[in-house]
Amino acid sequence: MPVLQETQTEAAERPYYTLPSAQVLETFGAGPAGLSASQARERLEQYGPNELTPPQKISPWIIFLRQFQNLLIIILIAATGISFFLGEHLDAYIILVIILACTILGFVQEYRAEQAAAALQKLAAPEATVLREGKERVIPAREVIPGDVLVLHTGDKVAADGRLLEAVNLKNDESLLTGESTSVSKAADPLPQSSVPVADQKNMVFGGTVVTYGRGKAVVTATGMKTEFGSIARMLGEVAQEKTPLEERMASIGLVLSILCLAVSAGAVVFGVIQGQNWLQMLIWGISLAVAAVFARVAPEHKLRLVDLLKAQGQIVAMTGDGVNDAPALKRADIGVAMGITGTEVTKETADMILADDNFATLVAAVEEGRAIFDNIKKYLMYLLSANLGEIMVLTGTFFLGMPLPLVALQILWVNLTTDGLPALALGVDPKAPDIMARPPRPPQEGVFTRPVIALMVVTPAYLTVALIPLFHHYYHGYLQVMGDPELSLTRAQTMVFVTLVLAELVRAYNCRSDYYSVFSVGLFSNRLLIGATILSLLMMVAVVQAPPLAGLFHAVPLSWKEWLFAAFLAGLLFPVLEITKWVMRQIGGPATGLPA
């Protein structure tokens, strides 16, 4: 029997579908009876097992620890350690919960991506029938080698790529590889063309595909990573998982905010110490301020080329697919959508979304839901960031004016974990706007912070600064003159700022239901969760201030009904201020759709 005349790499590059089957056998030093036992041993040692190169296994612990490379996470870890050291255990536990939530979310997303390449291993055939010295033998698929003669029957999973020697009514399901929805009829005759796509190579069989009808024999031309299946695995490993546009924008926002909050907090702490404030108290306060900051995660190569081409033109690319051949393009696209019914586990693991019913009409509903989700994320961020910027401006403003602290650390955390938390979550599930599908597509370069959003985020902290700093000054100095007790006067002034800030944020949550239209146009009371969140937050606030044990814990004093009314009046003024701001923005930008302003 002739010896093997060329390496597998050289052989795999030749168009075997153009050659007569006898010539292919000769090329691989094989015959119709297959290889001998000694040849099989030598070639298995030379070429290695017929299996996809397993991806570099990354320990789940490594993936988990990688989440702590984020700058915001590092800031929070430092804050947790210092809080424990200073005995502020409540603050430390709260920060720790935030850290765990962020890291677990990041871990789940990255771990899913790592499983995509591993899922390819499951699609390989477990066993194969080959001719060895003229006899059929069932061997582990990993022992199939170039030159082996595969024996194929209905229901077999093909173990490697091969050139058909004979085919009797043979049909293969190659949808995993080519996307072809129907079985492909096979024949052993050579093809005249020298450049034929994989889907049209009728005299070839490919590893990972399934024989659906008939029988045949094929000489193995490529194994392992040299197969068509292996080339997809290689591409999948080389293609980086793309972040969605929203994830990229959120990451950049997070970086800017983290640097900003560090700078402001550090500056405020240093300035306070220079003024003679207790350094431990200032350090705790600075940590609380940092936490509040204000926290708000075709052929395969042709499809990949199309995605890259569209992205190079500045397009946001969504890619749908079901087969293994779609996986690299799904991974490279901005949004990868896998078919839930016909899709392989590889595509599902790689994709960002799964189309559960495989119905493209569902994509329209998905676009509507996507727009609603984006709207609600914008409302959520606008609400949190504008309020927290207001807090920072009020807190640092009093510092630079030489006043005492207008809020203590626990009050800041209470504001951000209750009044910010509950209404913000309710805004995150706000009902869809009536005009949501009447809008034109958003430009790819448009981020979360549109002109109306920026306007509202400027006006809100400006109003809070103008309203709360004079309020604090008035109550602190006014009660100091009447009572002569600096500590009691400071506590009452802090309580007024505390209450007014909370009420203002509850009022402002309704303005944030739209960054463009009047709240009366979208429905003042159409979000029942927001109404419930507002009532619950208000009741909690009243309890914290008016119940003496809780008031003492939060460094507050009970207020009179006149003081509550005055605080409500100042907070309520923010509502028309923001509505007027939106009206001005509508006059500048014009109507977005036909929705009444």
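Begin by selecting helix H23, residues 574-589, whose 16 residues reach 22 Å from the first C-alpha to the last, close to the 22 Å expected at 1.5 Å a residue; the expected span is 1.5 Å times one less than the number of residues. Helices (H or I, at least four residues) and strands (E, at least two) are DSSP runs, numbered from the N terminus. This is a predicted model, in which local features need pLDDT of at least 70 and side-chain atom pairs count only at pLDDT 80 or more, while totals for chains, interfaces and linings use all residues. Residues are numbered from 1 along each chain as its sequence is written, and side-chain values use heavy atoms, with hydrogens and water left out.

Now show the side chains of H23: Leu574, Phe575, Leu578, Glu579, Thr581, Lys582, Met585 and Arg586 are buried, where buried means under 20% relative accessible area, exposed over 50% and partly exposed in between (1.4 Å probe, protein chains only). Turn to the face directed away from the buried side, and the exposed residues Ile580 and Ile588 come into view.

Next, select strand S3, residues 149-153, which is largely enclosed by the rest of the structure because four of its five residues are buried. Which strands pair with S3, if pairing requires that DSSP finds at least two bridges between two strands? Strand S1 (residues 127-132) pairs with S3 in the antiparallel sense over two bridges, and here valine 130 is opposite leucine 150 of S3. Strand S7 (residues 210-222) also runs antiparallel to S3, joined to it by five bridges, with lysine 217 of S7 as the bridge partner of valine 151.

For the charged pairs, a salt bridge is a side-chain nitrogen of Lys or Arg within 4 Å of a carboxyl oxygen of Asp or Glu, and this rule gives a count of eight. Select glutamate 174 and lysine 186, whose closest N and O atoms are 2.6 Å apart in a salt bridge. Glutamate 174 lies in the loop between strand S4 (161-173) and helix H7 (175-178), and lysine 186, 12 residues apart from it, in the loop between strand S5 (184-185) and strand S6 (204-205). Glutamate 174 is buried at a relative accessible area of 0%, and lysine 186 counts as buried at 8%.

Move on to arginine 492 and glutamate 563, a salt bridge with its closest N and O atoms 3.0 Å apart. This pair links helix H18 (residues 486-511), which holds arginine 492, to helix H22 (residues 561-572), which holds glutamate 563, across 71 residues. Arginine 492 counts as buried at 15% relative accessibility, and glutamate 563 is buried at 5%.

Finally, colour the model by pLDDT, the predictor's confidence in each residue from 0 to 100: the mean for the protein is 78, and 73% of its residues reach 70 or more. Among the elements, H22 has the highest mean pLDDT (95) and helix H1 (residues 8-12) the lowest (46). Over residues 1-12 the pLDDT is below 50, and this stretch has 30 contacts in the model beyond near neighbours in sequence, a contact meaning heavy atoms within 4.5 Å. Where pLDDT is low, the predicted coordinates should not be read in detail.

Methods
Two strands pair if DSSP finds at least two bridges between them.
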